[in-house]
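Dear colleague,

I am handing over the structure that you will be working with, and I would ask you to look through it before reading my notes.

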Amino acid sequence: MSNENKSIHEFDYQLICDYFSRIERQGPGSPEVTVKALSFIDKLNETSKIADLGCGTGGQTMVLAQHTQGSIVGLDLFPEFIALFNKNAQLQHLQDRVKGIQGSMDKLPFKAEELDLIWSEGAIYNIGFERGLREWKTFLKKGAYIAVSEATWFTDERPDEITAFWQDAYPEIDTIPAKIAKMQACGYIPVASFILPENCWVEHYYKPQIEAQKVFLQQHKGNKTAEELVANERHEAQLYAKYKEFYGYVFYIGKKL
Ligand code: SAH
């Protein structure tokens with residue numbers, strides 16, 4: 001198929017989907033970490049309504065489903081991810097209470113105070129931490145929980161190279177106390193926060209990409225955008241190896257007041 005008539009945005013979009021559909025997770029995390037974050041949340045039962053925003057292909061959603069009894073709606077902007085998500089739910093016989101829908105996290109299809117839990121791993125940055133916490137709160141019942149993982153500085157000072165990288169990628173990155181203060185200012189009790197261990201990045205995120213990159217590059221031979229995409233991902237992995245003591249992902253769990 002010719003790409004002549006596609007806008008560069010459309011082209012990138014398809015390549016990004018293609019690339020990230022090849023790996024189980026689209027962001028750092030692990031089943032152990034999902035279960036740990038869930039351990040801070042009480043009062044869930046078979047009537048609970050849960051939303052997983054920016055769910056991707058559903059790696060963490062299926063873990064969440066195995067450890068809760070309620071119904072879960074996974075929402076993601078990319079229909080390709082949602083198709084894989086629903087296939088995964090079916091394979092794990094979870095399709096009766098786990099449903100993937102295409103949509104945007106800035107226009108959620110839920111009713112006010114409908115949800116018992118909002119989950120979002122490595123995805124709230126798309127709308128911004130503070131905006132997401134404020135806007136999503138509407139859909140939570142009083143006393144209900146939110147659990148999100150978010151890129152965070154571990155120190156007040158750090159090398160220029162990594163500051164510049166994140167300033168460009170996600171300027172809302174901040175330190176743990178600053179993120180917790182924001183959570184409180186947005187109307188939540190900050191119940192817990194913890195740093196995702198290194199294996200969430202290396203074993204569960206960057207390592208599966210190595211094999212996927214080889215096949216991806218073979219299938220898109222000569223495609224400059226595909227090569228750039230892989231180069232970007234490799235650069236990001238190298239930066240992580242070099243500067244991991246200065247930043248990482250942190251899970252923040254809050255309870256709506
Ligand atoms: N939670 C998954 C995916 C994280 S990657 C995991 O941890 O593996 C971020 C996800 O956010 C991607 O799947 C991307 O498609 C999705 N996304 C980006 N913008 C979005 C938006 N506006 N609304 C919903 N999802 C969005």
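Predicted model: local features only at pLDDT ≥ 70, side-chain atom pairs only at ≥ 80, totals over all residues.

Residues are numbered from 1 along each chain as its sequence is written, and side-chain values use heavy atoms, with hydrogens and water left out.

The ligand is surrounded by 19 residues, and the closest include G54 and M105 (a residue is near if one of its heavy atoms lies within 4 Å). A nitrogen atom of the ligand lies 2.9 Å from a backbone N or O atom of G54, and a nitrogen atom of the ligand is also 2.9 Å from a polar backbone atom of M105. For S104, a polar side-chain atom lies 3.0 Å from a nitrogen atom of the ligand. Taken alone, the ligand exposes 570 Å², of which the protein buries 92% (areas by the Shrake-Rupley method with a 1.4 Å probe).

Turning to the rings, the structure holds 21 aromatic pairs (rings of Phe, Tyr and Trp, the last by its six-membered ring, with centres within 6.5 Å; planes under 30 degrees apart count as stacked, over 60 as edge-to-face and the rest as tilted). The ring centres of Y19 and F20 are 4.9 Å apart and their planes stand at 75°, so this pair is edge-to-face. For W201 and Y240, the centres are 4.4 Å apart with the planes at 10°, so this pair is stacked.

Best wishes

Notes
Polar contact = N/O pair within 3.5 Å; in protein donor to acceptor, adjacent residues only side chain to side chain.
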